[in-house]
Amino acid sequence: MANTKVELCGIELDNPVIIASGNFNYGYEFMEVFDINMLGTFSFKGTTKEPRLGNPLPRIAECPNGLINSVGLQNPGMDKVIEVELPRLREVYHKKVMANICGFSLEEYVENCARIDKEDIVGWIELNISCPNVKHGGMAFGTDAKQAADLVRAVKRVVTKPLIVKLSPNVTDIVAIAKAVEEAGADGISLINTVLAMKIDIKTRKPVLANIMGGYSGPGIFPIAVRMVYQVASAVKIPVVGLGGVSSAEDVLEMIMAGATAVEVGSDILIDPLSAKRIVEDLPRVMEKYNIKDLKEIRGVAYNG
């Protein structure tokens with residue numbers, strides 16, 4: 001029987017499949033669709049200090065092999081997450097969850113992380129410094145190695161849970177930023193977030209999105225994600241979580257071969273809410289097909305093999 005268990009920053013997961021932030025809200029709603037306890041874990045919706053309505057409509061544009069979104073971190077704010085959303089999640093979810101935390105200043109990031117660090121259901125904090133859909137948001141930190149490192153150092157001073165830093169692909173040198181956050185104390189890295197893109201309606205001759213540009217996700221960015229996971233995982237010593245266009249058990253194995261410890265499924269959830277369930281159930285079969293008894297056997301084989 002194939003062993004799907006992995007360890008992410010000292011916490012064991014039944015399997016490496018994580019649902020990416022922004023696609024699963026705060027999780028408990030999906031219990032009507034499937035038992036979410038079968039997942040490795042999930043990263044809940046990117047949360048800011050104050051409630052956000054997000055960007056104006058339209059903010060989703062379909063395009064070949066994916067979609068462009070400019071949702072803009074719509075969320076109920078930290079108070080409501082702690083007082084309402086997490087208690088509801090505790091009623092149905094019996095594992096540790098990943099908390100995706102966003103901010104608009106170093107001070108806001110630090111305050112948000114310090115507060116969520118006290119929640120027992122939270123296993124990891126995913127520091128989102130890579131969202132391309134908000135002005136003056138986290139990507140300002142994620143595209144500058146020094147700012148990213150300064151932010152990680154500040155957050156590490158106030159948290160006890162493993163800190164996983166979510167990086168942006170919209171940079172010249174992803175490895176330089178990964179090394180900077182590792183040296184600053186990050187416990188792990190997740191990548192990639194969406195690729196900055198836009199779409200024009202040739203009938204109206206105007207951008208489809210009200211925000212003009214947004215983040216491109218879906219199968220079209222998978223090869224980019226694999227390349228960046230490979231580059232980062234072979235350059236750092238901390239665990240890497242791979243994401244970007246993942247839609248099958250085969251994709252999970254490819255990400256792990258590139259060096260990922262765990263893998264996040266994102267926009268495929270918007271197409272098929274049962275996507276992650278299907279991948280979890282299919283993973284043992286695909287591992288047996290390729291004669292893989294344990295995922296540790298193949299981690300990083302693309303550069304170590």
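Which residues is Tyr26 in contact with, leaving aside its neighbours within four places in sequence? In this predicted model, the list runs Phe42, Phe44, Lys45, Thr47, Asn75, Pro76, Val81, Glu85 and Leu89. Tyr26 itself sits in the loop between strand E3 (17-19) and strand E4 (41-42). Its relative accessibility is 1%, so Tyr26 counts as buried.

Now for the aromatics. Searching the whole structure turns up 6 aromatic pairs. Here are two of them, side by side.

| Pair | Centre to centre | Angle between planes | Class |
|---|---|---|---|
| Phe24 and Phe34 | 6.4 Å | 45 degrees | tilted |
| Tyr26 and Phe44 | 5.2 Å | 45 degrees | tilted |

Phe24 and Phe34 both lie in the loop between E3 and E4, 10 residues apart, and both are buried. As for the other pair, Tyr26 is in the loop between E3 and E4 while Phe44 is in the loop between E4 and E5, so this pair ties together parts 18 residues apart in sequence. Phe44 is buried too, at a relative accessible area of 0%. Beyond the pairs, one aromatic cluster is made up of Phe24, Phe30, Phe34, Phe42 and Tyr93. Phe42, a member of that cluster, is also one of the contacts of Tyr26.

Next, a charged residue worth a look. Glu264 belongs to strand E16 (residues 262-265). Is Glu264 buried or exposed, and what is the nearest side chain of opposite charge? Glu264 is buried, and the nearest side chain of opposite charge is Lys166, 4.5 Å away. That leaves Glu264 with no salt bridge, because the cut-off for one is 4 Å between a side-chain nitrogen and a carboxyl oxygen.

Finally, a sheet. Four strands make an open sheet with antiparallel pairing, ordered E5-E6-E14-E11. At the edges are strand E5 (60-63) and strand E11 (195-198), each pairing on one side only. From one strand to the next, the twist averages 40 degrees. E5 and strand E6 (residues 66-69) run antiparallel and are joined by 4 bridges. Within this part of the sheet, Glu62 stands opposite Leu67 in E6.

Key:
Residues numbered from 1 in each chain as written. Predicted model: local features only at pLDDT ≥ 70, side-chain atom pairs only at ≥ 80, totals over all residues. Heavy atoms only, no water. Helix = DSSP H or I, 4+ residues; strand = E, 2+ residues; numbered from the N terminus. Buried < 20%, exposed > 50% of the residue type's maximum accessible area, 1.4 Å probe, protein only. Lys, Arg positive; Asp, Glu negative; His and termini not counted. Contact = heavy atoms within 4.5 Å. Pairing = 2+ DSSP bridges. Axes fitted to C-alpha atoms, helices over the stretch in contact; angles between N-to-C directions. Phe/Tyr/Trp six-rings, centres within 6.5 Å; stacked < 30°, edge-to-face > 60°.
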